[in-house]
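Please keep the sequence and the structure in view while reading.

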Amino acid sequence: MNQSWIQLLPPALRSKLDGHYALQKIIGNTGWLFADRILRMGVGLVVGVWVARFLGPNQFGLFNYAVAFTAIFGAIASLGLDSIAVREIVRTPEHKDQILGTTFVLRLIGSVLVWLLTVGVIILSRPNDGLTQTLVGIIAAGAIFQAGDTIDCWFQSQIQSKYTVTAKNIAFTLIAGFKIVLIQMQAPLVAFAWAGLAEIIVASIGLAIAYQASGNHLVKWRFSLPQAKQLLKDGSPLILSSLMIMIYMRVDQVMLAEILGEQEVGFYSAAVRLAEVWYFIPTAIVSSTFPSIIEARQVSETLFFERLQVLYRLMASTAYLIAIPTTLLSGWIIHLLFGNAYEKAGPMLAVLVWASLFVNLGVARSSFLTAMNWTRLHLFTVFLGCLLNIGLNILLIPIAGGVGAAIATCISYWFAVHGTCFLCPPLTRTGTMLTKAMLINR
């Protein structure tokens with residue numbers, strides 16, 4: 001495996017990594033994921049802000065309402081299989097074609113059913129709103145083509161995210177350029193929904209090409225009914241967990257639209273875009289470290305929990321480095337990027353960015369729960385957080401609008417990730433570890 005990137009490091013650091021091939025692989029893989037997300041963060045933020053300025057708070061709010069509405073149902077489409085498939089490939093790499101083939105078929109069937117469900121619900125809930133129905137129908141179709149992301153499970157299991165990064169970045173760059181063309185053409189709102197769907201399709205094609213180019217063959221994939229039953233059995237709690245997570249990540253935008261209208265959603269979505277732009281960091285780190293955590297558990301419990309504590313502390317430290325300066329500069333950041341039309345988003349961003357602390361820790365904790373196969377506990381904690389978020393939104397949105405929704409998000413994220421650990425005896429140790437991480441304590 002080519003590790004020429006190591007030669008770019010300072011000599012002292014190179015000497016420490018010398019011979020530690022597993023660590024080199026993790027760092028290299030994380031580097032690819034960071035490069036991917038930094039590109040997306042930079043280009044995506046510029047283009048996203050440009051689109052927001054072009055559409056204005058009302059249309060931008062309507063578009064994000066459609067995205068949020070779709071995302072809630074779309075969370076079911078993956079059937080909770082991604083991390084399960086990675087885990088099974090790491091355990092039994094000789095069965096990878098069967099695992100991947102079965103996962104793909106299950107995800108494809110699930111995606112079609114979810115599309116039908118999403119379109120049906122939006123027609124029933126907004127029978128006279130043709131524009132919203134069209135937006136939701138187009139955006140929801142993306143889940144069908146995202147079944148191709150099954151290929152990424154293989155690259156994750158091999159810690160080879162460079163293939164996924166390359167494929168998806170090509171699609172992202174092409175469509176980012178196309179969105180700029182749409183702005184110059186003064187295109188209607190629906191055109192931006194089509195652009196988002198096109199990006200998913202191009203990325204799926206790119207993943208298939210990358211999989212073939214890496215020496216694998218899609219024609220070898222096989223569907224196995226016993227494998228499907230086992231995957232669904234292990235993943236079923238994660239289906240509901242994913243749904244609950246997406247509800248408490250996106251229900252605030254849906255409720256804001258229903259209670260205060262699309263303009264408030266536009267302000268809030270501007271804050272969300274900036275607060276969530278950093279969420280790639282925990283995902284990138286955990287994607288790279290997850291196989292090593294699985295392996296550590298097979299070695300010893302001590303090593304397993306040592307690695308988890310390091311991961312938790314890294315997640316908390318990263319969140320503080322982002323949240324503190326963003327809070328202090330939130331008003332200035334919103335004014336600089338989105339302009340005066342979005343000034344109400346400043347206070348929302350100052351609060352919402354603190355959700356990143358619990359998002360980071362939650363992503364890390366999910367790797368522990370998956371390794372332990374405690375997916376039902378994950379479902380339980382997320383369900384409680386979801387209920388709390390909905391209740392707080394009902395209480396706070398009429399009082400404080402988008403700021404109230406941001407407060408509800410932060411409190412419910414904390415409760416789902418940290419607070420619930422002390423309600424579940426098996427997670428008490430995890431709760432203590434998360435507390436130490438938040439206090440930057442060993």
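## Terms and overall make-up

A residue counts as exposed when its relative accessible area is over 50%, as buried when that area is under 20%, and as partly exposed in between. The model discussed here is predicted.

The chain holds 17 helices and zero strands. Of its 442 residues, 55% are buried. The chain exposes about 19000 Å², and 67% of that area is supplied by carbon and sulfur atoms. Where contacts link residues at least 6 apart in sequence, 81% of them join residues at least 24 apart.

## Gln-186, between α8 and α9

Gln-186 sits in the loop that runs between α8 (161-184) and α9. Is this residue, Gln-186, buried or exposed? Its relative accessibility is 58%, so Gln-186 counts as exposed. The backbone of Gln-186 has a positive phi of about 55 degrees, although the residue is not a glycine.

## Helix α9 and Trp-194

Helix α9 covers residues 189-213, and Trp-194 is part of it. Trp-194 has a relative accessibility of 49% and therefore counts as partly exposed. Between Trp-194 and Ala-141 the C-alpha to C-alpha distance is 9.9 Å, while 53 residues separate the two in sequence.

Helix α7 spans residues 150-157 and is mostly covered, with eight of its eight residues buried. The buried residues in α7 are Thr-150, Ile-151, Asp-152, Cys-153, Trp-154, Phe-155, Gln-156 and Ser-157.

Two packed helices are described by the angle between their axes and by the distance between those axes. For α7 and α9, the axes come within 9 Å and cross at roughly 45 degrees. That angle makes α7 oblique to α9. The crossing of α7 past α9 is left-handed. On the α7 side the contact is made by Ile-151, Trp-154 and Phe-155, and on the α9 side by Leu-207, Ala-208, Ala-210 and Tyr-211. By class, the residues of this contact between α7 and α9 are seven nonpolar, no polar and no charged.

An α-helix has 3.6 residues a turn, so residues three or four places apart point the same way. The α7 contributors Ile-151, Trp-154 and Phe-155 can be looked at with this in mind.

## Helices α13 and α15

Helix α13 takes in residues 301-338 and helix α15 residues 355-371; the two pack with their axes 8 Å apart, at an angle of about 160 degrees. How are α13 and α15 oriented, roughly parallel or roughly antiparallel? Angles over 145 degrees count as roughly antiparallel. α13 and α15 are therefore roughly antiparallel to each other. α13 passes α15 in a crossing that is right-handed.

From α13, the contact uses Phe-304, Phe-305, Leu-308, Leu-311, Tyr-312, Met-315, Ala-316, Thr-318, Ala-319, Tyr-320 and Ala-323; from α15, it uses Ser-356, Leu-357, Asn-360, Leu-361, Ala-364, Arg-365, Ser-367, Phe-368 and Ala-371. The residues in this contact of α13 with α15 comprise 15 nonpolar, four polar and one charged.

## Thr-102 and Gln-227

Thr-102 belongs to helix α4, residues 96-125. With a relative accessible area of 0%, Thr-102 is buried. Apart from neighbours within four places in sequence, Thr-102 contacts Arg-222, Phe-223, Ser-224, Gln-227, Ala-228 and Leu-231.

One of these partners, Gln-227, is located in helix α10, residues 225-260. The relative accessibility of Gln-227 is 11%, so Gln-227 counts as buried. Again setting aside neighbours within four places in sequence, Gln-227 is in contact with Gln-98, Ile-99 and Thr-102.

## Cys-424, between α16 and α17

Cys-424 is placed in the loop between α16 (375-417) and α17 (428-438). Although Cys-424 is in a loop, it counts as buried because its relative accessibility is 4%.

Which residues does Cys-424 contact, leaving aside its neighbours within four places in sequence? They are Leu-377, Phe-380 and Thr-381. For Cys-424 and Phe-380, the separation is 44 residues in sequence and 9.4 Å in space, C-alpha to C-alpha.

Conventions. Residues numbered from 1 in each chain as written. Predicted model: local features only at pLDDT ≥ 70, side-chain atom pairs only at ≥ 80, totals over all residues. Heavy atoms only, no water. Axes fitted to C-alpha atoms, helices over the stretch in contact; angles between N-to-C directions. Helix = DSSP H or I, 4+ residues; strand = E, 2+ residues; numbered from the N terminus. Parallel < 35°, antiparallel > 145°, perpendicular 65-115°, else oblique. Left-handed = near helix turned anticlockwise from the far one by under 90°. Contact = heavy atoms within 4.5 Å. Nonpolar A, V, L, I, M, F, W, Y, C, P; charged D, E, K, R; others polar. Buried < 20%, exposed > 50% of the residue type's maximum accessible area, 1.4 Å probe, protein only. Areas by Shrake-Rupley, 256 points an atom, 1.4 Å probe, with all protein chains shown as cover.
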